[in-house]
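Trainee: I am new to this structure and would be grateful for a guided discussion. May we go through it by question and answer?

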Amino acid sequence: MAVRIVKKIANLLIFNNLTHSSFGRYVRGKPANLVRWEEQMSRSATTVRKFTEDQSDQFKISTLLNSAEALYEKSLNPRLKNEQCAACRKEAKDIADILANIKETRPLALNLLARIAIDEGFYDQANSHLVYALKEAPEDPSLLYSQGHVFLARQEYEEAEKLFARAFRINPSLTRAASSLAYTKTRQGKFVEAFQDYRELIKSHPDDPHIRTKLFECTAKITANHYDEELADDILSLYLLEGIDYTALGNITASLLIHKYDIPSLLQHGLPLGIVDTVCQDKLLCEALSKIIFCQPDLEKFITQIRKQLLLESLVQSDLKQLHVNLAVALSLYASNMEYSLYIDSQEYNLLSALEDLINAVISATGWKPSDLAGATLLYGMYLPMDELSCATELAKFSVNRWPVWARKTINHALLEIIQEKQNCDKIPSIGQISDATSQKVQAQYEQNPYPRWLHLSYNTPTNYGRAMEQEFPDFRAPSFFNTGDINVLIAGCGTGQHAIKVAKYFRNVNVTAIDLSRRSLVYASKMAEKYHVKNIEFIQADILNLDQLKQQFHIIESSGVLHHMADPMAGLAALKERLVPGGLMKLALYSRAARQIILKSRELIQKNKLTGSAQHIRLFRQAILHNNSSTAFSGMLSSSDFYNMSGCRDLVFHEHETQFDLLQIDEMLTRFNLNFIGLLVQPLQRLEFIEFIGSDQQRGTLAEWAEFEQQHPQSFGGMYQFYCQKPRQAPTV
Ligand SMILES: C[S@@+](CC[C@H](N)C(=O)[O-])C[C@H]1O[C@@H](n2cnc3c(N)ncnc32)[C@H](O)[C@@H]1O
């Protein structure tokens with residue numbers, strides 16, 4: 001009977017040239033009438049044999065299989081609406097259900113059914129399909145690959161690794177298997193092995209955005225223990241790729257440079273004369289300086305000293321030498337990326353003041369051109385914001401194209417864009433008045449120092465938010481609204497928008513509303529949204545306390561690092577919960593008291609020394625910490641990336657207002673607001689440690705269990721407690 005149905009559908013498909021969707025509608029009613037295919041097969045074996053002997057029928061069957069595959073591939077198209085995607089998957093599934101009745105197509109059809117089941121979060125079902133299919137085709141690499149994904153989704157990494165490795169051994173051209181194998185290694189913390197795998201893969205697939213992203217992700221986790229020229233060349237080639245978040249290359253680049261120049265010994269004995277002539281030719285150093293911020297104390301000291309030598313040499317010669325231009329450009333971009341947080345000594349301050357006088361004098365003379373001042377402006381920009389020069393408006397009167405080519409990038413990034421950013425603040429729409437005293441203080445901080453001043457966005461294949469949640473928490477079933485219609489997301493306290501833009505770009509069918517107190521942060525966020533062509537996002541200036549004026553309800557609310565900056569975080573949480581639909585999800589990130597002990601000590605030091613959050617005081621504080629790294633009380637701070645730029649450092653230790661939490665408090669808070677805890681977001685290795693600690697395979701754990709775990713491992717939540725909770729689907733009856 002199944003065969004007859006197949007024949008009939010195939011005929012319809014081929015001869016009546018029906019569209020996929022009308023085809024699907026036809027099929028949909030039939031499979032329900034089919035008996036389980038295993039039973040069916042034994043009954044219709046003779047018919048099937050007869051049927052498959054017929055070449056033209058075989059052709060029809062393979063056409064059907066192709067259609068099912070095509071429908072499935074279509075369902076993965078990030079531009080499809082969730083419901084269209086579900087419809088495509090359903091059609092593909094209906095056809096595959098039928099084809100699983102036919103011996104010749106059974107393994108392929110079962111594989112397709114398994115892939116769909118994996119996408120939908122039904123891992124056991126996927127595995128049964130695959131176990132059955134593998135009985136017939138035990139060496140089929142595609143089946144082994146799919147089964148690897150079942151184990152990967154279940155976070156059973158060793159088994160997944162074996163399956164991907166086997167699939168790749170059988171078919172060395174199955175790049176997906178090699179890539180998934182490398183990914184599984186990263187999940188187990190085998191970063192060096194994974195890095196080597198991805199490094200090979202990128203050579204044969206330089207344009208594959210997925211391989212690139214994953215290579216970058218695991219590069220972020222490794223460092224070099226000696227200088228290796230081939231590796232340095234490979235890393236340099238990664239800086240030259242477009243559309244990448246280069247931040248991930250920081251650690252490995254720093255470690256290569258430290259070994260190349262033996263920086264600890266240079267710092268100990270003093271930098272040799274002429275070192276500027278050497279490092280200005282270092283392509284890796286110059287590329288890195290213009291694209292990332294190093295988070296390595298010795299390298300920062302080295303850069304600071306190189307900068308001083310370059311300034312002194314240029315001033316002695318009254319010129320920026322052609323040989324040094326690249327380095328000056330790189331250092332001026334670096335200073336802008338770090339928001340001018342590198343230490344400046346008094347000799348340098350005096351020289352900068354003389355340099356500013358010189359620039360002013362040239363501007364006062366008639367007939368000056370940008371090329372007269374490009375060198376001096378860049379030298380100044382290696383230290384201090386160009387837009388704060390008293391003659392900044394005069395400099396900005398020239399469009400970027402009037403400046404020498406080599407100076408354009410810096411002039412644009414560090415002068416013109418900053419001036420524009422300040423001017424655009426009035427263009428951001430707002431709701432309500434910011435009247436709460438703490439909100440006003442916090443707003444003032446972020447108007448001065450929008451945080452974080454991020455530079456690049458990494459690539460990600462857009463996915464369904466609900467499915468991503470299910471992958472993170474394998475025993476969680478996402479609400480059904482993820483399969484239908486648009487998903488409204490609120491990012492409360494979006495800062496400069498990196499997180500909001502990622503949500504808008506990485507998830508399907510989401511409409512994002514992103515609010516923040518700080519207009520300058522929002523202007524930065526809008527500029528970056530434009531740069532990354534993200535249109536499904538609206539930025540609004542608002543206090544969380546005024547969210548009732550927004551009227552709209554949201555399926556998801558994310559608020560990362562925000563509530564602990566409010567005078568009354570509970571009032572903030574109440575306002576957020578009001579905006580959440582029943583069954584809606586909330587992702588919060590809050591400071592851990594245990595993990596922030598060192599920060600609290602630093603804040604005491606800051607108060608004792610009467611340091612304010614001014615740029616000069618932040619530079620002083622950073623210098624004190626950098627040069628005290630052997631007295632360990634504060635050295636832990638050196639591992640925070642926030643320490644290495646102005647807005648980050650202010651956010652980290654000079655904040656206008658912060659409170660901290662512990663997990664039991666969060667537990668109580670969720671109970672009080674009738675929000676159900678879903679789970680903490682942690683690194684895979686940390687989850688494995690936790691599972692071992694509680695001695696059960698209950699992956700999510702309770703907040704009380706995590707609190708016990710944190711007591712033993714107080715630095716576990718240095719990057720904040722990040723967790724999901726859910727508003728009950730229905731209000732509880734009283
Ligand atoms: C530490 S930053 C975090 C920014 C962003 N969520 C992120 O993870 O990059 C905190 C942000 O919360 C915003 N914020 C603090 N209190 C707020 C409030 N009451 N309403 C809206 N935004 C607030 C600040 O303006 C600031 O941009």
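Trainee: Leaving aside its neighbours within four places in sequence, with which residues is Asn-509 in contact?

Mentor: A word on the source comes before the answer: this is a predicted model, in which local features need pLDDT of at least 70 and side-chain atom pairs count only at pLDDT 80 or more, while totals for chains, interfaces and linings use all residues. Residues are numbered from 1 along each chain as its sequence is written, and side-chain values use heavy atoms, with hydrogens and water left out. Asn-509 is found in the loop between α26 (498–506) and β2 (510–516), where helices (H or I, at least four residues) and strands (E, at least two) are DSSP runs numbered from the N terminus. Contact means heavy atoms within 4.5 Å, and the residues in contact with Asn-509, apart from neighbours within four places in sequence, are Leu-80, Lys-81, Asn-82, Gly-485, Asp-486 and Ile-487.

Trainee: Which backbone oxygen does the side chain of Asn-509 reach?

Mentor: Asn-509 is buried, with a relative accessible area of 12%; buried means under 20% relative accessible area, exposed over 50%, and partly exposed in between (1.4 Å probe, protein chains only). A polar contact is a pair of N or O atoms within 3.5 Å; within protein, one must be able to donate a hydrogen and the other to accept it, and residues adjacent in sequence count only if both atoms are side-chain atoms. At 3.3 Å, the side chain of Asn-509 reaches the backbone oxygen of Leu-80.

Trainee: How far is the backbone oxygen of Asp-97 from a polar atom of the side chain of Asn-101?

Mentor: Asn-101 is found in the loop between α5 (82–99) and α6 (106–119). Asn-101 is buried, with a relative accessible area of 4%. From a polar atom of its side chain to the backbone oxygen of Asp-97, the distance is 3.2 Å.

Trainee: Is Glu-394 buried or partly exposed?

Mentor: Glu-394 lies in helix α22 (residues 392–395). Beyond its neighbours within four places in sequence, Glu-394 is in contact with Ile-363 and Trp-368. Its relative accessible area is 31%, so Glu-394 is partly exposed.

Trainee: Why is helix α21 largely enclosed by the rest of the structure, and what do its buried residues pack against?

Mentor: Helix α21 (residues 370–381) is largely enclosed because ten of its twelve residues are buried. Among them are Pro-370, Leu-373 and Tyr-380. The buried residues of α21 pack against α18 (297–317), α19 (325–337), α20 (346–364), α22 and α23 (405–423).

Trainee: Within what arc do the buried residues of α34 fall?

Mentor: In helix α34 (residues 703–712), the buried residues are Leu-703, Trp-706, Ala-707, Phe-709 and Glu-710. They line one face of the helix because, seen down the axis of α34, they fall within an arc of 160°; the arc is that of the directions from the helix axis to the C-beta atoms. On the other side of α34, Gln-711 and Gln-712 are exposed. The arc asked for is 160°.
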